[in-house]
Amino acid sequence: MRHVALAVATLVLARLLLNWNIADYAFGSTPLANGLLAAYGVPAASFALAAWMFRRRRDDLLVAVLEAGALVFTTALVVLEIRHALTGGEPMRAAGWPFREAALQLTALALLAAVTRWLDGRAGGRPVLAWGWRLLQGLVVAIGAGLVVANPALEAGVALSPWPILNELALAYAVPAVLAALAVRAAGPRWFGKLLALYALAAGFTWVTLEVRHHFHPAEMSLDLEPIGGSELYAYSGAWLAFGAALLALGIRQGVPALRLAALAAIGLTILKAFLVDMAELEGLWRVLSFLGLGLALIALGAVYRRFVVVTPAPAPPA
């Protein structure tokens with residue numbers, strides 16, 4: 001009986017996941033409540049229920065295949081539902097991969113990885129769930145690194161919502177960065193934890209920088225079409241200093257030296273920008289404000305670092 005169930009589960013997985021014509025099917029134009037629920041949502045729920053039922057008798061290869069099938073079908077459902085909603089449903093095989101869709105899918109995959117990691121912890125360590133959330137998180141890092149490189153400041157014609165903070169930039173960078181940072185301690189191999197931490201820092205820094213750019217140029221962020229003005233150049237220094245200060249505070253609070261080093265790197269980058277860029281590009285009051293603000297911020301950060309990080313040795317008792 002279990003061999004028959006294993007064969008059927010494998011055939012269903014191959015039939016639904018290896019079908020390259022799925023984007024040409026008519027699932028209806030209604031977002032969420034459409035044919036994708038029957039095609040992928042029902043199999044995901046069925047595989048999860050079957051895994052629970054078969055596991056009550058024996059935890060073997062069949063249970064692992066059913067758990068993997070439930071996770072894979074859920075992932076496919078989430079990704080395809082986002083594609084369906086942004087393409088109008090029929091057909092889904094649209095040209096290109098818009099930034100808005102990539103941002104939504106990246107955040108959805110990051111949330112799915114976080115939920116899978118939580119379920120793995122609640123279940124006491126399931127191999128399929130453990131591998132599943134790490135594979136999902138690795139996919140998030142791969143896609144997120146691509147968005148860091150191909151960001152709206154370097155790509156012309158990227159349409160974003162005009163709202164500050166709550167826009168596609170948060171979905172593409174801030175939310176995945178936070179979820180990746182939360183997964184560092186449970187990453188397992190040290191190299192994977194370092195990879196997640198590096199991605200979280202890069203995505204967070206990119207988000208801070210692009211939010212400043214979006215504030216000054218909400219309609220078109222491309223550097224080729226909209227040059228950087230003096231106030232915008234000054235705002236980058238303030239945002240980077242704030243980012244470094246936040247990393248320093250978090251590193252002190254959590255007792256993580258790597259965060260403190262990352263904070264010093266962000267502050268050092270701001271100093272280099274001030275001397276190499278601001279001195280040449282800014283004029284008049286903006287140049288004065290840039291160096292005055294940088295000096296005051298460095299004095300404050302130095303006092304904090306000396307107070308909470310650098311421990312002075314206690315004086316020796318008298319003989």
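Start by selecting residues 127-149, helix 5, together with residues 168-182, helix 6. In this predicted model, the two helices pack at an angle of about 145°, and their axes are 11 Å apart. The crossing of helix 5 past helix 6 is left-handed.

Now show side chains at the contact. From helix 5, display Gln137, Val140, Leu147 and Val148; their partners in helix 6 are Ala172, Tyr173, Pro176, Leu179 and Ala180. Sorted by class, the residues of this contact are 8 nonpolar and 1 polar, with no charged residue.

Arginine 117 lies in helix 4. Which residues does arginine 117 touch, leaving out those up to four places away in sequence? They are Trp133, Leu179, Leu182, Ala183 and Ala186.

Move on to the largest pocket. Select Ala181, Val184, Ala200, Leu250 and Leu259, which lie nearest its centre among the 29 lining residues. The volume of this pocket is about 990 Å³. To see where the lining comes from, colour helix 6, helix 7 (190-216), helix 8 (230-254) and helix 9 (257-281); each supplies at least two residues. Which helix gives the most to the lining of the largest pocket? Helix 7 does, with 10 residues.

Helix 2 (35-55), helix 3 (61-87) and helix 4 (99-122) each contribute at least two lining residues. Helix 4 has the largest share of the lining of the second largest pocket, 5 residues. By class, the lining of the second largest pocket holds 10 nonpolar, 2 polar and 3 charged residues.

Finish on helix 3. How many residues does helix 3 have? It has 27, and from first C-alpha to last it reaches 38 Å, close to the 39 Å expected at 1.5 Å a residue. Then step just past the end of helix 3 to glycine 88, where phi is positive, at about 80°.

Note on methods:
Residues numbered from 1 in each chain as written. Predicted model: local features only at pLDDT ≥ 70, side-chain atom pairs only at ≥ 80, totals over all residues. Heavy atoms only, no water. Axes fitted to C-alpha atoms, helices over the stretch in contact; angles between N-to-C directions. Helix = DSSP H or I, 4+ residues; strand = E, 2+ residues; numbered from the N terminus. Left-handed = near helix turned anticlockwise from the far one by under 90°. Contact = heavy atoms within 4.5 Å. Nonpolar A, V, L, I, M, F, W, Y, C, P; charged D, E, K, R; others polar. 1 Å grid on protein atoms, 1.4 Å probe; cavity = no way out; pocket = protein on both sides within 12 Å on 5 of 7 lines; lining within 4 Å. Points joined across faces, edges and corners; volume = space filled by probe spheres on them. Expected span 1.5 Å × (residues − 1).
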